[in-house]
Structures are given as structure tokens and as C-alpha cells.
Amino acid sequence: MNAHFRAFSFVDRIIPVHDGRRIRGRYTIPSEVVDFPLALVGEAVGQLAAWAAMAAVNFDRRPVAGLAGSIELLLAPRAGQVLELAADLENVDVESVEYSGTAHLDGRLVIRLQDCVGPMVPLADFDDPQALRNRFEELCQNGAEPGSFPGLPRMTLERVGGDAGRCASATFHVPSDALLFADHFPRRPVFPGSLLMHLNLQLGAALASEISPPAGRQWVAGTVLDMKLRSFIPPGAALQLEAVLKQQAHDSASLTIETRTSKDLIATARLLLKAEEAV
């Protein structure tokens, strides 16, 4: 299988809006993919914004993950559903793109991204500019055939310690070779920031399971705040993640999550938990 535009691409159709600042699109979650986490919905919104940003600079540069002020996690998607995607570019130039965006399912809001900033880098360092121009034209005209995403590789956090209900630590080894790297990106493989967010949410959920919730309720992830990715994560990297409980109220709690290599702090985020009725 040619994995380019198949292994980690989440826009099937683009509906251009001709003011150059707004873009709309769709993505059909493959019916055979059981696990499609909310982090991938956020990736889909970010990819839609990236298409608009690349088109705005004539495919000379492309954005990469940088900052996200707020990511609201509202509704878990299911296999076979069609995501309605939207991105609004507040500013785009050769240095960066600033945008917000949403995804809906049947009119219901799934995720909302606000105050996002993606640094722009030379596109040719990461991918083939002409291949991206051709793909953009295809998406804007007839759209691409859905159903190509084969699913995520196995991603397992290994708990390595902590203090129950107060902090949790884990390690994660980025695969040295995974199909998604042929799509993200062909000329310079990078572990996606959205998958790091997925790992952060997993560790946050593990810590949340150790925090006593209000009677009859359970902790669920509500909003990711101030997510910052400081450097690229290459294949084979060894990551150390730590989640720490910072504040707890009757119906909410706040965690900080940091990701490091053996030498450097590479990513930070805050996770707000909300207490919902237990099911």
C-alpha cells in the first residue's frame, strides 16, 4: 500500500470558502477502525487548517504542531461516522498560522480548538510540494475515496511510578518504524503531536482513576489547555511523561502534564477534568 495520504490523513473532502480564511471539509471514519480517539479528531481539524495555510503560501511552506490554547473534548466519535470539519484562519504568513476550528457529528459538537498557532516550515523538507498541490486539487474537486486509514499502531504507556491520586509517571517508546511515518512526513518522519496528546490523555485518565470523585460521579477529560510542543519527536525516541494533580474542587480537577526526553522538556499541557454522572 502506498501510505502517502492514507496512513495518517484525515480530510476526505474540502469545501473551499473563497475569502481565503475559512475552510470546511469532511472525513469519514472507516467502519473497520474500532479505535478513533478524540485526539485524531483534533488532528483532522488541524490538517484542514494546514491545507488552507499551505494553499495561502502556494505550497512553499507548511505548518507543524506548536501551540493550542484550548481543546474542548465534547463527544467521542464512532466508526463509520462522518465528521464535519471547519477551520478559521485568523492570520497566515510564511512564519506561522493562527487558527481555530471545530468538528461536528450530525450537528453535535465533537471538539473545539481555539487559539492555535502552527509555526510554518519549508514544505519541501517534509513532503513533495507538487504531490500536495495535486492532493489539494483532488480534495477540492471530487474528494478522495474514504476508508484508507488502517488504524493506529499499538501505543502502550508503561507506568513507572508516582504517588496514587497525586502524580503518575510513565514511559513511552516511539516506534522506530510505523506506517504513519510514510504520511507524517515522507521526507522527515515526525511523531504526531496529536498522538502525544492521546498519550497525555491516557496518563491523565490513569491518574484521574485514582482521585476520588463526588458521589455518583466519575472524572472525565474536559479541556486540554496551553498545550505546547517545543520540538519535533523523531521515530525511536524514548519519552518520559508525568501527570500531576494541581487543584481539585467539588466537580472539577486540574492536572499538569509534561513530556521529556532524557535531556529536554519537549511538551507541556494542562488537563481539566470534570465530574460527570457515572454510567
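This report covers the cysteines, the charged residues and the salt bridges of a predicted model.

## Cysteines

The structure holds 0 disulfides. C167 is buried, because its relative accessible area is 19% and the limit for buried is under 20%. C140 has a relative accessible area of 21%. That makes C140 partly exposed.

## A negative patch

Which residues form a negative surface patch? They are E90, D93, E95, E98 and D115. D115 lies in strand β7, which covers residues 108–122. Its relative accessibility is 53%. Exposed means over 50%, so D115 counts as exposed.

## N91 and V117

N91 sits in strand β5, made of residues 82–92. At 27% relative accessibility, N91 is partly exposed. Along the chain, N91 and V117 are 26 residues apart.

## A salt bridge within a helix

The count of salt bridges comes to 8. One of them joins R135 and E138. Their closest N and O atoms are 3.6 Å apart. Where do R135 and E138 sit relative to one another? Both are in helix α2, residues 129–140. They are 3 residues apart, so about one helical turn separates them.

The two partners differ in their cover. R135 is buried, with a relative accessible area of 11%. E138 is partly exposed, at 34% relative accessibility.

D226 forms a salt bridge with R270. Here the closest N and O atoms are 2.9 Å apart.

## K274 and E276

Another salt bridge brings together the side chains of K274 and E276. The distance from N to O is 3.5 Å. K274 counts as partly exposed, at 29% relative accessibility. E276 is also partly exposed, with a relative accessible area of 35%.

Technical notes
Residues are numbered from 1 along each chain as its sequence is written. This is a predicted model: local features need pLDDT of at least 70, side-chain atom pairs count only at pLDDT 80 or more; totals for chains, interfaces and linings use all residues. Side-chain values use heavy atoms; hydrogens and water are left out. A disulfide is a pair of cysteine sulfur atoms within 2.5 Å. Buried means under 20% relative accessible area, exposed over 50%, partly exposed in between (1.4 Å probe, protein chains only). Patches are made of residues with over 30% relative accessible area and no salt bridge: like charges are joined within 9 Å, nonpolar side chains (Val, Leu, Ile, Met, Phe, Trp, Tyr) within 5 Å. Accessible areas come from the Shrake-Rupley method with a 1.4 Å probe; for residues, only the protein chains shown count as cover. A salt bridge is a side-chain nitrogen of Lys or Arg within 4 Å of a carboxyl oxygen of Asp or Glu. Lys and Arg count as positive and Asp and Glu as negative; His and the chain ends are not counted. The place of a charge is taken as NZ of Lys, CZ of Arg, CG of Asp or CD of Glu. Helices (H or I, at least four residues) and strands (E, at least two) are DSSP runs, numbered from the N terminus.
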